[in-house]
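Hi everyone, thanks for having me. Please take a look at the structure on the screen, and I'll walk you through a few parts of it.

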Amino acid sequence: MGVEQSPAWQALQVHCDSGMGSAHLSALFNEVSRTEQFSLELEDLYVDFSKNRINEQTLSLLVDLAEQQKLPTAIQALLTGEKVNDTEGRPALHTALRADGQAVSGEAAKVQPEVEQALQKMAVMADKIRAKHWRGYSGKPITDVVNIGVGGSDLGPLMITHSLQTIDSPVNLHFISSIDGTQTSNLLKSLKQETTLFILASKSFTTIDTLSNAETAKDWLQECIEDDAVIYAQHFIGVSTKPDKMTEWGIPPENQLLFWDWVGGRYSLWSAIGLPIALKIGMPRFRELLQGAHIMDQHFATAPLAKNIPVVLGLIDVWNVNFLNIHDKAILPYDARLKYIPSYLEQLVMESNGKSVAKSGEKVAYRTCPVLWGEVGPNAQHAFYQLLHQGTQAVMCDFIAPVERDDIDEGSQSERNESLRHQHQLAMANCFAQSRVLMLGDDAIPDALKSAFDSPFKHYPGNQPSNTILMKTISPKTLGMLIALYEHKTYVEGVIWDINSFDQWGVELGKLIAKEAYSAIKDRTLAEGFDSSTKALIDRVAK
């Protein structure tokens, strides 16, 4: 029996069909204490989920569904290191990377010495580079570090370092991910071989995107450096779960940082994959990032389901997807430093839960993962908010914003600071106004202006659900909390839908078929067995 036939699911369906599914948020907000009832706070994070089409009974029934699906047991299984990734027969122990030996048990406790050893080696490397003691072939200190990776080996470090851009760094960081070579070509024109260091980050150390860019980087270095041993020793660091493959490629053991198969790529920024983050903010602040995530881990482990932030937000998404038929989610950060949060969450959520087969191996009979997309809020207002306000499909939204800016000197009354303070207030006003209009629609229009909106072309239906997540400020700690929140929320949804959130077989097949296509581009006779479209496309690019 699938979850859609279970008693708890059926009770939610009855609840939805009995009027909750057609309720309008404007009417729900007649409840005086609604915001207090449907908001939660954890240290520097405040989450308002009151703008969702739920009431107290909805949340109670969703908690019943979570208990029926044995979510508390599943949470403990994740955090203690049971093999929750059943198709690959291994745990998903990313939480162990940030535990610092505290409040852990089972396999998570056993791996703590290895984790600390890896962090200490990472700290030595990061400190050496930041102190200008890592030198290139000419003896000059490294000034530029290029991270070559893709997916989790790129998006996590890129997102965090961009978010923490107001923290000064003694090195310039760059990121290359695209297989087409354009990023690499453009970047190398602005760098000098003698002061550039490359981080080659790949969990398997077989990812063609990463290795092809690394070969181009090596070719560039060889234009100035005759001795390959010098290139590998002074201009490359490897980060992988495969030390033998790094050594085979040429990277010496002392330049290798390791992590483990039980760390999923999209969960790996907490590991040595986070070296660019440590280079940007320093190792003490990197540990603050880990501590922030651990705070959320402990909340996830101990808070009652109805007061557990990742659980509540995950259950609300299930309600929206499976009962209100809302299949799109927009991620809308209202600070340009959070620009890469939508891209990061696209991978985290859709690679984790973009599945159509239950753990039993049977095809599911219900929707699973929503389609995620997003943009920095003020930019998105001039792009796709028209669809959010007046389009034909419902979209759930997450608004994310810092309460304070850390680059404003609160004691200064300079014109620059006043202007920045004004801009921040404008951004917050837009964030709150947009979620208000999405919720209330026409009811948000002041009475004095209603006549100006008396037109079918100016009708705003509202009733678009949203969450608002406020961070005290954008810091390593709050970012750690925020990302861990989304990780756990994603897992909650996977447990409810009875799918494995930790494999990605669709990605693996694409890589395999790409190798076939590449061979056919090099030798067109190999394309004879392909479909006519693929063969014709290969014919147009093959030389």
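Let me start with a term we'll need: two rings of Phe, Tyr or Trp pair if their centres lie within 6.5 Å, and for Trp the six-membered ring is used. Keep in mind that what you see is a predicted model.

With that in hand, here is a group to find on your screen. Phe198, Trp220, Tyr232, Phe236 and Trp249 are linked into a cluster by ring pairs. Counting by that rule gives 16 aromatic pairs. One of them is formed by Trp373 and Phe384, which sit edge-to-face, with 4.8 Å from centre to centre and 85 degrees between the planes. The two partners are eleven residues apart and the pair links distant parts of the chain. Trp373 belongs to strand β9, residues 371-374, while Phe384 is in the loop between α17 (377-380) and α18 (385-390).

Trp373 is at 22%, so Trp373 counts as partly exposed.

Next, let's visit Ala233, which lies in helix α11, residues 228-235. Its relative accessibility is 34%, so Ala233 is partly exposed. Which residues does Ala233 touch, if we set aside its neighbours within four places in sequence? The answer is Trp134, Pro252 and Asn255. For a sense of scale, look from Ala233 across to Leu305: they are 72 residues apart along the chain, and their C-alpha atoms are separated by 51 Å.

Let's zoom out to the whole protein. Its secondary structure comes to 22 helices and eleven strands. Taken along the principal axes, the C-alpha atoms fill a box of roughly 75 × 65 × 55 Å. Why call the protein a compact globule? For 543 residues, a compact globule would have a radius of gyration near 24 Å, and the protein has 25 Å, which agrees.

Among contacts with a separation of 6 or more, 73% are between residues 24 or more positions apart.

Last, the charges. There are 48 positive and 66 negative side chains, and the centres of the two sets lie 3 Å apart.

How values were computed. Residues are numbered from 1 along each chain as its sequence is written. This is a predicted model: local features need pLDDT of at least 70, side-chain atom pairs count only at pLDDT 80 or more; totals for chains, interfaces and linings use all residues. Side-chain values use heavy atoms; hydrogens and water are left out. Helices (H or I, at least four residues) and strands (E, at least two) are DSSP runs, numbered from the N terminus. The radius of gyration is taken over C-alpha atoms; the globule rule is 2.2 Å times the number of residues to the power 0.38. Contact means heavy atoms within 4.5 Å. Lys and Arg count as positive and Asp and Glu as negative; His and the chain ends are not counted. The place of a charge is taken as NZ of Lys, CZ of Arg, CG of Asp or CD of Glu. Rings of Phe, Tyr and Trp (its six-membered ring) pair if their centres lie within 6.5 Å; planes under 30 degrees apart count as stacked, over 60 as edge-to-face and the rest as tilted. Buried means under 20% relative accessible area, exposed over 50%, partly exposed in between (1.4 Å probe, protein chains only).
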